[in-house]
Every structure is written in C-alpha cells, then in structure tokens.
Amino acid sequence: EAWASRALLLDARPAVDAAVSGASVGDATYRALDPADLLADETLLGEAFGLLVAAHYRTEPNDLARLLDAPNLVARALVADGRVVAVALLAREGGLGAETRREMYEGERVRGNMVPDLLTSQLRNEAAAAPRGLRTVRIATHHALRDAGFGSRLLDEVHGEFGGDARDDAAAGAVDYFSVGYGATPRLLRFWRRAGYGTVHLSTTRNGASGEHSAIMLRSETAAGRDLLDRHAVAFRDRERDGLSDAHRDVDPDVVRGALSACSAPVPLDLTETEWRSVVGASFGPGMYDTAPGAFRDLALAALIGGPEGDEALLSDREERLLVEKVLQARPAEAVADDLGFVSTGACLRALGDAYVPLVERYGTEFALAERERFTGE
C-alpha cells in the first residue's frame with residue numbers, strides 16, 4: 001500500500017502554507033513543467049500534482065499518467081522561492097486535416113479534441129477543427145494565495161508564450177485561440193471574462209460530476225481564431241434568445257447573466273413602430289409586457305450581452321435577474337416575484353416596466369423617443 005501510494009502520488013499535497021505565505025505575484029517565476037523535469041524532482045512533481053488534486057473534485061491516478069505521458073498535454077507553473085504556487089494543465093487541440101474534420105462532422109470521435117469536437121459535431125461547424133487551439137484543462141492556485149493574482153498572472157504568461165499574434169508560427173507552438181470548458185458559476189464566468197474569453201456554449205444538461213451547466217469559452221489570437229469566436233458567439237446569442245425559455249429555463253439567473261455578459265456578439269435591434277409603442281407604453285405609460293414579448297426579449301438580450309469589462313451597467317443586479325427570469329426564461333410572474341423578493345406580482349411587473357426605462361433611453365429610435373415624450377413631456 002505504501003508503494004502504491006507513493007508510485008501513484010495518492011498522498012500528493014501542495015506546499016505547506018508557511019512555505020508560500022509570503023510569496024508575491026510579481027516575484028514568481030514562470031516555467032515549463034516538462035515530464036523529464038518532473039520525474040527528476042519528486043518534490044516539484046508532488047507539489048504540482050498536489051495543487052491539481054486539491055483544486056479538482058475528481059482527480060484519478062490516470063491524471064498523473066496524462067501529466068507525464070499524454071502527447072498533447074503541456075504543463076506550466078509559477079514558482080516562488082522554489083515552491084509551486086500555481087499550475088496549469090493545457091491541451092493542444094485542433095489543427096486537423098479535411099478528412100479528419102469530415103469524419104468528426106459525421107460522428108467520429110477524435111480523442112484529445114474536446115472543444116473542436118463540440119463545435120464540429122454538436123454545433124455543426126465542419127471547419128471548426130482546422131484552427132489550432134490550446135485548452136486549459138485545469139488551473140490551480142495554492143489555497144493560501146487565492147485572490148492574489150497568481151491565476152491571472154499564470155494565464156497572462158501562457159497567452160504570451162503561445163499566442164498566435166505574438167508568434168504566428170505553428171511549428172513553434174503558437175495557436176489561433178485559447179479555450180476552456182468548466183462547470184459554470186458566476187465567479188468563474190467573471191474570472192474567464194476578465195482574462196479575455198468569450199462564451200460560445202452553455203450545456204443544456206448539468207455535468208454529472210460538478211452539478212453545474214458547462215460553459216465553453218474562447219479567446220482569439222489570430223484571424224482564424226477570431227473567425228471561429230465570432231461565428232460561435234453569434235450562434236450562442238441566437239440560441240439563447242429562444243433556448244433560455246426552453247432547455248435553459250432553470251439555469252441559475254446569475255449564471256445566465258455571466259454567460260451573456262461574456263458573449264461578444266451584439267444584438268441587432270430592429271423593432272417595428274408597433275413594438276416600440278408596446279415597450280415605451282410598458283416603461284412610461286399604461287402598456288403591458290405581454291403585447292410584444294419578442295421585442296422585450298431582444299432588448300433584454302441587448303442589455304445583458306456584454307460590452308467591455310468595466311462599462312457602467314444600465315441595470316441593477318436585481319433588475320438584470322428580473323429580465324432573465326421573467327423575460328428570457330419566461331418563468332411565471334408569481335414565481336419570479338417570490339424569488340426576487342417583491343411584495344406582490346403587481347410590484348414585480350411594475351419593476352419590470354421600470355427596468356426598461358434605461359433601455360428605451362439607450363436603444364430607442366427617434367420614433368421610440370418621440371413616443372416616450374407623450375408620457376414624459378421631455
């Protein structure tokens with residue numbers, strides 16, 4: 001048992017807290033964790049693998065074999081005073097030939113290509129496996145150094161090393177895009193958005209291990225990567241317009257907010273005069289939401305799909321949740337009022353009309369603004 005435990009690193013642990021507690025993100029050194037170096041340094045291997053074990057709910061001995069042997073995996077770390085303080089496990093994906101892409105599109109599975117397989121077989125883009133990608137399989141920071149910038153610094157270093165714009169040379173390891181897939185939570189969605197990643201997919205079912213809906217996000221580096229991201233951001237936006245009231249009706253509203261805010265495809269608004277009358281009437285006058293639900297849905301998407309990080313929000317958190325639950329997910333007003341703490345269904349619906357006031361101001365056409373003046377005199 002002792003031999004098996006040591007051979008499979010079943011007792012792998014990160015460095016003790018005291019050894020890293022004074023580490024500064026600016027002084028940490030970025031380095032590759034080559035298999036030969038890991039095998040030659042049992043402490044380095046144990047601390048790196050220990051971080052991955054501590055940060056993940058489902059680590060297996062096979063993960064150690066993949067770290068040391070998988071041909072498409074590489075590992076990078078930040079080291080401070082000789083101790084591993086952050087580690088990333090990265091998978092090379094894509095760069096597949098036309099015949100392989102055709103087989104993948106028609107249902108064949110190509111191992112080691114999670115994101116290209118999803119974009120090709122599920123989202124029906126036969127060309128998606130041609131660009132070269134680098135997926136973050138796992139990233140972990142020592143628990144004593146959380147929220148100190150080590151994870152962001154490690155990602156910045158990875159982007160700098162492999163980014164295609166900096167080194168557009170496939171032979172040297174540059175990629176067209178970076179990707180990540182994970183169980184979506186509001187906190188993780190914010191982290192990856194701030195790192196420059198955009199949402200292209202949210203799974204319709206919950207992951208059996210994490211219990212969360214899985215998000216897939218991309219960060220483009222070259223023209224090919226930008227084409228891939230743009231195409232799938234638009235497709236994600238269009239799917240969610242209807243999918244949020246169907247397969248995603250029960251998704252946590254804050255997960256929906258986070259996924260939409262990280263989508264880079266703006267909503268094209270083309271409301272008719274009749275639709276604007278309904279929206280303005282519900283916002284400034286006696287109108288009702290039910291008279292033009294599609295117009296309210298398009299405006300809600302436009303407000304929730306993100307601009308640049310740090311842009312001043314049009315709506316409060318509660319108002320955004322109200323738009324998600326009532327307008328996009330089409331939940332019953334009584335349930336929405338109860339969930340968001342309104343004193344009555346009527347108060348909930350009045351708040352919904354109020355939430356559209358800044359949206360009319362931001363997105364309204366000349367006709368819509370003229371219609372507004374009938375109620376405001378301004």
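Q: Which residues touch the most other members in the largest nonpolar core?
A: A nonpolar core is a set of buried Ala, Val, Leu, Ile, Met, Phe, Trp, Tyr and Cys residues joined through side-chain atoms within 4.5 Å. Buried means under 20% relative accessible area, exposed over 50%, and partly exposed in between, with a 1.4 Å probe and protein chains only. Here the largest core has 75 residues, and Leu260, Val279, Leu323 and Tyr356 touch the most other members. Helix α13 (residues 293–304) supplies the largest share, 8 residues; helices (H or I, at least four residues) and strands (E, at least two) are DSSP runs numbered from the N terminus. A second, separate core of 22 residues includes Leu9, Leu33, Ala70 and Leu73.
A: This is a predicted model, in which local features need pLDDT of at least 70 and side-chain atom pairs count only at pLDDT 80 or more, while totals for chains, interfaces and linings use all residues. Residues are numbered from 1 along each chain as its sequence is written, and side-chain values use heavy atoms, with hydrogens and water left out.

Q: What is tyrosine 356 in contact with, leaving aside its neighbours within four places in sequence?
A: Contact means heavy atoms within 4.5 Å. On that basis tyrosine 356 meets Val279, Ser283, Phe296, Arg297, Leu299, Ala300, Leu323 and Val327.

Q: Is leucine 244 buried or exposed?
A: Leucine 244 has a relative accessible area of 0%, so this residue counts as buried. Leucine 244 sits in the loop between α10 (223–243) and α11 (253–261). Not counting residues up to four places away in sequence, leucine 244 touches Arg249, Val256, Leu260, Leu328 and Gln329.

Q: Why does glutamate 371 count as buried?
A: Glutamate 371 counts as buried because its relative accessibility is 11%. Glutamate 371 belongs to helix α18 (residues 366–376), and beyond four places in sequence this residue is in contact with Arg277 and Val280.

Q: In what order do the strands of the open sheet lie?
A: Strands of a sheet pair through backbone hydrogen bonds, either parallel or antiparallel. Two strands count as paired if DSSP finds at least two bridges between them. In this model 7 strands form an open sheet in the order β1-β2-β3-β4-β5-β7-β6, with mixed pairing. β1 (29–32) and β6 (198–206) stand at the edges with a single partner strand each, so one side of each has no neighbour in the sheet.

Q: How many bridges join β1 to strand β2?
A: There are 4 bridges between β1 and β2 (residues 73–80), and the two run antiparallel. Threonine 29 has valine 79 in β2 as its bridge partner.
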